[in-house]
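Hi,

Here is the structure I promised to pass on. Have a look, and my notes follow below.

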Amino acid sequence: MAPRTIIRSVMWTLRQDTSRGAPVAPVYQSECGTCGERSEAEEGSRVGSEVWALIHTGKNPGHRDYRATITTMWRAFPSDPAVSADKVPPEPPEAPRTPRQMADAWVRRVRKWAHAQGFYVSDGGALPHLIMHAYVTAHPHDPRPSLRRR
């Protein structure tokens, strides 16, 4: 019998990296285009690098070109949580109270499921009926909540 090869395609998602002490806010830094001197890197605010550039120009009137660098840390994650070796802990669910909140929570679950299945679903607007039907078929225990009053 010939050996068999199984290849699985995985959809990847880029998200902000919050692991291992990565900065949560963007890091800003300025570099002089004339001499290459740099400001200190500052997390969360560009004011420090802008002030540094103005002070640097004041001390060196011929230095007027600057490179602004904004750094954000990203990490690639498999969209399918079953494949992910480094799973992101789920956010604790907030208990919906009103019919509208229950419907919104259901739509968020469907969107998350659709992304994990490899469908592209925009964050705004209505969900396609085909995706809602596929979700309800795969999750019969989680039917779509009704907004109608009883």
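Glu31 counts as buried, at 15% relative accessibility (buried is under 20% relative accessible area, exposed over 50%, partly exposed in between, with a 1.4 Å probe and protein chains only). Its side chain meets that of Arg38 in a salt bridge, 3.5 Å from N to O (a salt bridge is a side-chain nitrogen of Lys or Arg within 4 Å of a carboxyl oxygen of Asp or Glu). Glu31 and Arg38 are also linked with Arg67 in a network of salt bridges.

Before you read on: this is a predicted model, where local features need pLDDT of at least 70 and side-chain atom pairs count only at pLDDT 80 or more, while totals for chains, interfaces and linings use all residues. Residues are numbered from 1 along each chain as its sequence is written, and side-chain values use heavy atoms, leaving out hydrogens and water.

The structure holds 5 salt bridges. Another one of them joins the side chains of Glu50 and Arg46, at 2.7 Å from N to O. Glu50 is partly exposed at 36% relative accessibility, and Arg46 is exposed at 51%.

Then there is Asp142 with Arg109, whose side chains meet in a salt bridge of 2.9 Å, N to O. Asp142 lies in the segment after helix H3 (129-138) and Arg109 in helix H2, so this pair ties together parts that are 33 residues apart in sequence. Asp142 is buried, with a relative accessible area of 12%, whereas Arg109 is partly exposed at 38%.

As for the overall layout, the protein has 3 helices and 5 strands, in the order β-β-β-α-β-β-α-α along the sequence (helices, H or I with at least four residues, and strands, E with at least two, are DSSP runs numbered from the N terminus). Buried residues make up 22% of the 150 residues.

Which helix gives the largest share of the lining of the second largest pocket? That would be helix H2 (residues 99-116), with 6 residues. The pocket has a volume of about 200 Å³. Of its 13 lining residues, the closest to the centre are Arg100, Ala103, Val107, Arg144 and Leu147. (On a 1 Å grid over the protein atoms alone, a pocket is an open set of points where a 1.4 Å probe fits, with protein on both sides within 12 Å along at least five of seven lines; lining residues have an atom within 4 Å of a point. Points are joined across faces, edges and corners, and the volume is the space filled by probe spheres set on them.)

Cheers
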